[in-house]
Amino acid sequence: MESLSLKKDFPVFDQNDIAYLDTAATSLTPRSVIGKLTDYYNNYSANVHRGVYRLSHEATELYNATREATARFINAEFEEIVFTRGASSALNLVAFGYGLSNLNPGDEIIISELEHHSNFLPWQQVAKKTGAKVVYVPLSEEGRIEVEAFASVLNENTKIVALTHVSNVMGYITPIKAITELAHSQNAVVCVDAAQSAPHLQIDVKEIDCDFLAFSSHKMLGPKGLGVLYGKKKRLENMEPVEYGGDMVETASKDGSTWQAPPLKFETGTPPIASVVAFFEALRYLQNIGFVALKEHEQRLKKYVLDAFSNIESVKVYNPTSETGMVTFNIEGVHPHDVVTVLDEDNIALRAGHHCAQPLMQWLGVVATLRASFYVYNTLEDCDRLIESVKKAVTFFKEAGL
Amino acid sequence: MNRLENLYRKIIMDHYKNPRNKGLTDDTRYKQEHIKNPSCGDDVTIQSFVEDGVVKDIRHDGSGCSICCSSASVLSVLLKDRPVKEALAFSENYTKMIANQPYDETLEFEDALAYQGVRKFPARTKCATIAWKAFESTVKVEDNDE
Ligand SMILES: Cc1ncc(COP(=O)(O)O)c(C=O)c1O
């Protein structure tokens, strides 16, 4: 992949000479997406679904075009795509829309210690409200979710399986298709957190056969504050809304009301129209690159960094075998916040902290880690900058006596 | 001195490696405050023992970066044996100093003066102030009890 020409597509680099290595938190935004955002406000700015006049009709068509493109992106149907505020919001919708009304005392929800708080806390809360029990897949020695371990906790009480597709800290890919098949053999419903997979892997919901799948626009070049919930048609039809109001209602009367069919049933109020409309461009941008080329590119960068890190004695990498473009590491004896300040001085942006995955930090036995994540705009030069700066931090803190 | 050396002063690193007054006590005369910064995981507990309006002892424990952990040690030395009012004046002015606001420069900040370097690193000001915030609550609780 000609990385250098891609950097030009991202206006953030016009103003900032940064090595941006924090895509797992949020991606940068290409010019075409920004252009579409302003195009909506400049030329439409009307509401969707409501007006019969031309502008509103055109805005609705653009909005629906993104729904159609999103459906095609993951091999789903138009009515199976619900727009939400983000992956968090989508996962909460499944937990409170589906979980709350389908779980009973004694039922079990299978999650894992790899989960982002957004696929952990909603289930913990719903379990508390329903008397269901949260069960954890025991992780492998490397910290992976494996099929055998999953099978060991699956039983006839399992009603919901909610697992991450790609861990936002380790970058491991969960064997979700095999897990889904097993889960379905016990009639459990499968909800996949695809926030870290949708940006990097080709997803086919028909092949996985999961019941729900959630992801965020902002981690895949799209606008912030927008997410997607895929749900099988039958599941969405039987799921309760969590929010009630305009647009989601079919008929409202004093004697009772009825709801629209999905997806509108779950999209009350005026949605983030500009963001939805612009997300179309993000999908197009990714499709133009292609997931095969993207993976190759990310792997090349990751391998380059791993090779260099293996020659720095005090750098500990937690996920050397990961299949995706994510390197999670620490400098031994130095808190990641101290390291990240040194990197920040060299204009390298990467994440230090618990990555909204405190159970995993406990599993790893660390308070926090550093995480470098790679995406379309990163280059080998970014990697060199990271490696040099990490070396500098090692020396600096060694001299400081740590 | 470059920016990094100015941030990670020798005094700070010394308090980080050899913390003074570290370790909590079960003594119920101590008031305790635990603060956690959810975004970064810094986690500090401060205990102080106040008698006759004077801070007789300060203990601390926790985990976090060098700036956070060392500042708990520094304040435990600086504020010990000071009247509560004076200790709070230090705390208030320290916070202003870190925030790059005008503060009372006549106060003898001793080792705490080393944290001036943090002013150039706005992303780290929380690290430098979290222990002080915890300390303030331990002595303010005492006020309410009186
Ligand atoms: C695995 C995973 N799940 C869920 C989320 C939440 O996404 P959002 O913040 O867009 O709701 C994230 C992102 O932080 C994530 O990495």
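Predicted model: local features only at pLDDT ≥ 70, side-chain atom pairs only at ≥ 80, totals over all residues.
**Entry: domains**

I began with the overall division of the chain, and found that chain A is split into domain 1, covering 33-287, and domain 2, covering 291-399. I then looked up how the two parts sit relative to each other: over C-alpha atoms, the centres of domain 1 and domain 2 of chain A are separated by 29 Å, and the contact between them draws on 32 residues from domain 1 and 26 residues from domain 2.

**Entry: ligand site**

Which residues surround the ligand? I listed A:G86, A:A87 and A:S88, then A:H116, A:S118 and A:N168, then A:D193, A:A195 and A:Q196, and finally A:S216, A:H218 and A:K219.

I next looked for polar atoms of the protein facing oxygen atoms of the ligand. An N or O atom in the side chain of A:Q196 lies 2.7 Å from an oxygen atom of the ligand, and for A:H218 I noted a distance of 2.7 Å, again from a side-chain N or O atom to a ligand oxygen. At A:A87 the atom concerned belongs to the backbone: a polar backbone atom there is 3.3 Å from an oxygen atom of the ligand. As for cover, the ligand taken alone exposes 390 Å², of which the protein buries 85%.

**Entry: strands 9 and 10**

How do strand 9 and strand 10 of chain A run, parallel or antiparallel? I found that strand 9 (residues 249-253) and strand 10 (residues 256-259) are antiparallel and are joined by four bridges. One pairing I wrote down is that of A:V249, whose bridge partner in strand 10 is A:W259.

**Entry: backbone details**

Moving on past strand 10, I came to A:P263, which lies in the loop between that strand and helix 11 (273-289) of chain A. The peptide bond leading from A:P262 to A:P263 is cis, and its omega is near 5°.

Finally I turned to A:S45, in the loop between helix 3 (31-43) and helix 4 (54-73) of chain A. Although A:S45 is not a glycine, its phi is positive, at about 60°.

Key. Residues numbered from 1 in each chain as written. Chains lettered and ligands numbered in written order. Heavy atoms only, no water. Near = heavy atom within 4 Å. Polar contact = N/O pair within 3.5 Å; in protein donor to acceptor, adjacent residues only side chain to side chain. Areas by Shrake-Rupley, 256 points an atom, 1.4 Å probe, with all protein chains shown as cover. Pairing = 2+ DSSP bridges. Helix = DSSP H or I, 4+ residues; strand = E, 2+ residues; numbered from the N terminus. Domains from an automatic or database assignment. Contact = heavy atoms within 4.5 Å.
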